[in-house]
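Open the model in your viewer and keep the selection panel at hand.

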Amino acid sequence: MSSIGTGYDLAASTFSPDGRIFQVEYAQKAVDNAGTMIAIRGKNGVVMAVDKVITSKLYTDNANPRIFNINDSVGMGIAGNYPDGFNLKNYAYGEAMKWLKDYREPMPVNKVSNSVAEYVHIFTLGISRPYGTSAFFGSWNKQEGGRLFLVEPSGLNYEYKAWAIGKHRQAAKAEIEKLKIDTLDIQDLVKEAARIIISIRDENKDKNVQIEMGWVGEQTNGKYETVPEDVVAAAEEWANAKLDEDDMED
Amino acid sequence: MAPVHDELQRTLNPTCTGASVIAMQYKTGVVVMTDRVVSYGKMARYKNVSRQYKVNDNVLVTFGGDHADFQWLQNVIERQVLLWKRFDQDIGPKALHGYLTSLLYARRCKMNPLWNTLVVAGVEEEEKNNKETSTPFIGIITQKGCAYQVKHVATGLGAFLLNQAVEDEFRKKGDELTRQEAEAVLKKALELTLYHDCVADNDFEIGRVDANEGVVLGKEQTIIGDWSIAETNCQYE
């Protein structure tokens, strides 16, 4: 790495001569090495899916979830350093609570992501260190349809049609681009998301993994939910069959 | 520092108010009746306003007293519900009753009470699945934080007028009241408040929490009553 030994990576407040902030880039690495997470906005909803790495068989089922509710309609998915992400979730939660107190209505998704992004940014510069986490925020309602945001360790906050982060993000993005996502409803998205996650796995390295998903859309009445285990299992079954079928054709 | 006129910072009078709440257990749930008028003093200022707040599928909170205070309370409850969801739980009637009791008591200890009588009605999620032991819940909290559980209740002026009448009807059947029977008692009770309470209204609603159906908000209903008794009131011409 060009940064090593140059001394420009010792603080998040120091730019390198070519205008980079290495500490933030290192934090981004924590996300890039995490289990792949994809999020897709479809015809009438948003689906998030993450390939969760189970580091020990002794953990209870669904320990350390990566998909959360911020309020009834806004969902969050985290990738990267787990405690950092968990803390970010708690921050987002507090913000949603404050919003509900001040305005007496649920906090909209763009406000949540914006406020989290601002916090991530100021935490890096003014408080301590970068967050080693990226966070997706999704919601759906009749008026504005599905919305999907990603907050990165740099504090960057963009809205997406679909995106992928983590280990195999490039392959995942290539797969997503092949889909006509505007025509897919959330049932289809769950299946396709499972297919993409499974298809881009490195069979030698990615062992002890589990898919966790979240969805929000017309079918869930605008409520964000962690997708039930049996629905995920059915999607995986469909995906495996589909992938086998594709292999036969080759 | 300028002298603090403490007494000026307190709600010394409610402004827009609701009157009685009448609630009763039946075999598998609770029925709660409120009228739908908001009074500004003695004037019927707003019509068609509900005093029943659905917290979730298991809990219904109903109130008498100041509307503004209750609207604030609704927000407090909403936030409490969100807080519980953070730990993957849904608040039940007993827990909410306890929470609101502490809140109202704390406020009265600050000499700044919330001007409400609250009726928390519902069924506990665990008990829903066990019909044998299932007991519907009705909890009362007065303005001063005095809280208790009952099988039937009337608050406001109804507390003076109706509690005995409602109890008599309830005792005839014990715990075996059907929903229809309970609602009939409530309607009769409303008729009595209508005759005796000048801020009671004849437009009303009956909400319920049932072990099978969860919270069902009531539709607007109207009664006329029998006003021939007015003839016998010698204050009238």
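The model is predicted.

**Stop one: a helix pair.** Select residues 186-199 of chain A, helix α5, and then residues 229-249 of chain A, helix α6. The two helices pack with their axes 8 Å apart, at an angle of about 60°. Angles from 65 to 115 degrees would count as roughly perpendicular and those under 35 as roughly parallel, so α5(A) is oblique to α6(A). The crossing of α5(A) past α6(A) is right-handed.

Now show the side chains at the contact. From α5(A), pick residues including A:Val190, A:Glu192, A:Arg195 and A:Ile198. From α6(A), pick residues including A:Val231, A:Glu236, A:Trp238 and A:Leu243. Overall, the residues of this contact comprise eight nonpolar, five charged and two polar.

**Stop two: a sheet.** Move to the open sheet of five strands in chain A. Follow the order β8-β1-β2-β9-β10; the pairing is antiparallel. Next, select β1 (residues 37-41) and β2 (residues 45-53) of chain A, which pair over five bridges. Find A:Ile38: opposite stands A:Ala49 in β2(A).

**Stop three: one isoleucine.** Select A:Ile70, in the loop between β3 (67-69) and β4 (75-80) of chain A. Is A:Ile70 buried or exposed? Its relative accessibility is 0%, so A:Ile70 counts as buried. Display its contacts beyond four places in sequence: among them are A:Met76, A:Tyr93, A:Val112, A:Phe137 and, from chain B, B:Leu82.

Terms used: Residues numbered from 1 in each chain as written. Chains lettered and ligands numbered in written order. Predicted model: local features only at pLDDT ≥ 70, side-chain atom pairs only at ≥ 80, totals over all residues. Heavy atoms only, no water. Axes fitted to C-alpha atoms, helices over the stretch in contact; angles between N-to-C directions. Helix = DSSP H or I, 4+ residues; strand = E, 2+ residues; numbered from the N terminus. Parallel < 35°, antiparallel > 145°, perpendicular 65-115°, else oblique. Left-handed = near helix turned anticlockwise from the far one by under 90°. Contact = heavy atoms within 4.5 Å. Nonpolar A, V, L, I, M, F, W, Y, C, P; charged D, E, K, R; others polar. Pairing = 2+ DSSP bridges. Buried < 20%, exposed > 50% of the residue type's maximum accessible area, 1.4 Å probe, protein only.
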